[in-house]
Amino acid sequence: MDKYEVLSEYFGYSSFREGQLNVIDSLLSGQDTLAVMPTGAGKSICFQVPALMFRGITIVVSPLISLMKDQVNALIQNGVKAAYLNSSLNEKQISLALTRARKGAYKIIYVAPERLNTHAFSALCDEVEISMVVVDEAHCVSQWGQDFRPNYLKIKDFVNRFSKRPVVCACTATATERVRRDIIELIGLLGPTVSILSFDRKNLYFEVVKPKNKPETLKQYLALYKGRSGIIYCSSRKTTDRLYEVLSAQGLSVTKYHAGLSAQERKQNQEEFVNDDKQIIVATNAFGMGIDKSNVSFVIHYNMPGDIESYYQEAGRAGRDGCSADCILMYNAGDIRTQRFFIENPSENEELSSLDAAKLRKLRLRKLDDMIGYAECTGCLRRYILSYFGERTAEKCGNCSSCRNDDNKESLNQYAKMILSCIVRTGQNVNSELITDILKGNVTSQVSEKGFDRLSTFGLMKNVPLAKVSEIINLLIRNGYIDSDGGRLRITEKSKSVLFSGKSVDFSARKARQNLSADDESESFDRDLFDILKKLRKEIASSKRIPAFTVFTDATLKIMSSKKPTNIKEFSEIPGVGEVKKDKYAALFIREIKAYELRTGFQSNADLPRKPKWNF
Ligand code: ADP
Ligand code: ZN
C-alpha cells in the first residue's frame with residue numbers, strides 16, 4: 001500500500017493536510033525528523049502512516065498514560081494493531097503484551113519513557129525489528145519547555161543502543177527556538193528534517209474580556225454555548241471547586257478536574273468529559289495534556305495563565321476537529337497578582353540550584369509580561385500570539401475580538417453616513433419608518449408617491465438586517481446626530497462632522513455577540529440529524545467503553561449530517577470513514593439517516609432496513 005492508500009484505508013481521509021506530507025516523506029526516506037505542528041494539525045497521522053508502511057514495529061514514546069490510551073484506542077478503532085505499555089498495566093498484562101509483541105501482534109507500541117531501558121523491554125527490542133522511534137510531546141525533554149520530564153533524557157541512549165538505528169521522529173506542538181535546539185540535541189536527532197507548520201489555527205476565534213463580575217459574565221457565555229462541549233480553566237483548585245459548585249447549582253452538565261482530587265476521581269471525571277457524558281469541565285492547568293477530545297468548541301480562561309505558551313496550548317484544545325471554536329480570556333488585575341504569587345512561590349523544580357532558580361524566576365516574569373500584553377492588546381489578538389512564536393502575519397485576522405470590534409466600528413460609521421445622507425436627500429421631512437423603507441429599498445405607496453425610489457440612497461441598506469437599521473437610527477437620535485422632534489428626522493450640527501469632515505461617530509453599537517462561533521450559520525449541516533447521530537455515536541461508545549470521538553469525530557458527523565449518505569458507497573466517501581469503520585458502522589448510521597429522512601419527509605418511499613445487529 002502507498003501512503004494514500006494507507007490514509008484512506010485506515011483513516012478514511014482522501015488527502016493529506018498541510019505539513020503532513022513533508023513529515024511523512026522525510027520519515028519514509030529514512031531521515032530523522034522534527035515536526036513542530038500546532039495542536040489539531042494532525043500530528044499523529046504524520047507518524048502513523050509511515051509506521052504502517054515500515055516493515056518492523058514503531059515505538060512511540062509518550063509522556064502520559066491517558067494520551068497513550070486514547071491514541072491506542074483510536075488506532076484499534078481504525079483497524080490498526082496497536083498496544084501500550086505503562087504503569088496502568090500489571091506485571092502479568094505487561095508480560096502478555098510483550099509476548100504478543102514478540103509474535104508480531106502489534107505494528108505500533110506506545111511506551112512510557114521510564115520503561116524504555118527496562119530489562120524486559122530491551123529484550124523485546126533485541127528480538128524484533130524496530131523501524132522507527134517516535135518521541136511524542138518531544139518538548140518534555142527540555143527544561144525550558146512547560147512540561148519537563150527527566151525520563152525523556154534517557155531516550156537518546158535507548159535510540160543509540162540499536163545496531164541498526166531506527167529512524168527517529170520527534171513531534172511537539174509548542175517549541176520556541178531554544179526548545180527546538182534542545183530537542184534535536186537531547187534526543188540526538190541526526191541531521192534531521194525540521195518541519196515547522198504555522199501555529200495559526202484559523203478556526204479559532206480569540207476574545208479578551210475584562211468583566212466587572214466574572215461569574216455573571218461566565219453565565220452569559222455559557223448560555224451562548226448551550227449544548228456544546230467546553231473547558232473552563234481556573235488558576236487555583238479553590239476557584240475550580242467554587243465554580244464547579246456554582247455551575248452545578250445552575251443545573252449545567254459539568255464536572256471538574258484538579259490535582260487535589262483522588263486519582264480515581266480525576267480519571268472518572270476526565271472520562272465523563274471525554275465521553276460526552278458531561279458537557280463542561282472546570283479545571284486547573286493540570287487538565288488537558290494528553291486529552292485528545294476533538295469536539296471541544298470553547299475554552300474559557302476564567303483566570304489569566306502565566307505565559308503565552310500555556311495559554312495557546314490550553315486554548316488550542318478547542319476546535320481540534322477543525323470546526324470553528326471560541327477561546328475566551330477573562331482577565332482582571334487580580335489575575336496578575338495570582339500569577340506573580342506563583343512565580344515568587346514556586347512549588348516545582350525544587351532540585352534546581354539557586355542560580356537556576358533565579359534565572360527561571362526572571363524568565364517567568366518576562367513571560368508573564370508578554371501574557372499581560374496579550375490581555376491588554378488592542379490590536380489583532382491572533383497577530384500578537386503568532387508574533388510571539390516568531391511568525392509574521394497580516395495586520396488583521398478578522399477572527400478575534402479586536403478585529404471584529406474594528407470591523408463593527410467601521411461598518412457602523414458607514415451605516416451612519418448612509419442614514420444621514422438619506423435624511424438630507426429627502427429634504428429632512430420624513431419619519432424614521434419612511435427612512436427605513438427607503439434605505440431598505442421597499443417600494444411602499446408613500447415611497448413611490450414622493451419619488452423616493454429615484455433617490456441615490458434608495459435601497460442602499462438592502463442587505464443590512466432591518467433590526468440593525470432601526471438600531472442605528474435610534475442610536476443616532478439618542479446620541480444627538482439626528483433631531484427627531486415631532487417625528488420628522490433632521491440632521492444636526494454634530495452630524496455634519498460625520499457627513500462632511502470624515503469624523504467617526506462617537507458611540508458603538510451593541511457588541512456583535514452573534515458573531516461568536518456559537519451562532520455560526522456558515523456550517524450548513526442538519527443540526528437535528530447531527531444530534532441524532534451524536535446520540536447513536538454515544539450509544540456505540542458506551543457499549544464499547546471507548547471515547548465517543550474514536551467512533552467518529554464531530555467533523556465527520558457534521559459532514560454526514562449534511563451529505564446524508566443512504567448507501568454504503570456514499571457512506572464510505574465521508575471523510576473519516578475508513579475501511580474498518582465502514583464495515584463496523586455503515587449499517588447503523590445509514591439506518592438512522594434513512595429513518596430521519598423518512599420522518600422529515602424528504603424520502604417518502606424509502607424502505608427502512610431492519611435494525612442491524614450490533615456487530616463490532
Ligand atoms: P494533533 O495531534 O496534531 O493535535 P490529531 O492527530 O489529533 O492532531 O488530529 C486532529 C484531528 O484531525 C483528528 O480528528 C484527525 O483525525 C484529523 N485529521 C488528521 N489528518 C487529517 C487529514 N489528512 N484529513 C482530515 N482530517 C485529518
Ligand atoms: Zn484579529
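Predicted model: local features only at pLDDT ≥ 70, side-chain atom pairs only at ≥ 80, totals over all residues.
Local features need pLDDT of at least 70 and side-chain atom pairs count only at pLDDT 80 or more, while totals for chains, interfaces and linings use all residues; side-chain values use heavy atoms, with hydrogens and water left out. Residues are numbered from 1 along each chain as its sequence is written, and chains are lettered from A and ligands numbered from 1 in the order in which they are written.

**View 1. Four cysteines hold the zinc ion (ligand 2).** The SG atoms of Cys380, Cys397, Cys400 and Cys403 coordinate the ion at 2.3 to 2.4 Å (donors are N, O and S atoms within 2.8 Å of the metal, or 3.2 Å for Na, K and Ca). The arrangement is tetrahedral because the 4 donor atoms subtend angles of 100 to 119° (for four donors, all angles must lie between 85 and 135 degrees). Along the chain, the donors follow the spacing C-x16-C-x2-C-x2-C. Cys380 sits in the loop between helix H14 (354-375) and helix H15 (381-388), and Cys397, 17 residues apart from it, in the loop between H15 and helix H16 (401-425) (helices are DSSP runs of H or I with at least four residues, numbered from the N terminus). Cys380 is buried at 8% relative accessible area, whereas Cys397 is partly exposed at 29% (buried means under 20%, exposed over 50%, partly exposed in between, with a 1.4 Å probe and protein chains only).

**View 2. Tyr312 and Phe389 form a tilted ring pair.** Their ring centres are 5.7 Å apart and their planes at 40° (rings of Phe, Tyr and Trp, the latter by its six-membered ring, pair if their centres lie within 6.5 Å; planes under 30 degrees apart count as stacked, over 60 as edge-to-face and the rest as tilted). Tyr312 belongs to helix H12 (residues 308-315), and Phe389 lies 77 residues apart in the loop between H15 and H16. Both are buried, Tyr312 at 8% and Phe389 at 13%.

**View 3. Phe552 and Phe571 meet edge-to-face.** Here the ring centres are 6.1 Å apart and the planes at 70°. Phe552 lies in the loop between helix H21 (527-544) and H22, and Phe571 in helix H23 (residues 568-572), so the pair ties together parts 19 residues apart in sequence. Phe552 is buried at 0% relative accessible area, and Phe571 is buried at 0% as well.

**View 4. Helix H3 gives the most to the lining of the second largest pocket.** H3 (43-53) supplies 5 residues. Among the 45 lining residues, Tyr13, Gly42, Ser44, Arg320 and Thr553 lie nearest the centre (on a 1 Å grid over the protein atoms alone, a pocket is an open set of points with protein on both sides within 12 Å along at least five of seven lines, and lining residues have an atom within 4 Å of a point).

How values were computed:
Tetrahedral: all angles 85-135°; square planar, octahedral: opposite > 155°, others 65-115°. Helix = DSSP H or I, 4+ residues; strand = E, 2+ residues; numbered from the N terminus. 1 Å grid on protein atoms, 1.4 Å probe; cavity = no way out; pocket = protein on both sides within 12 Å on 5 of 7 lines; lining within 4 Å.
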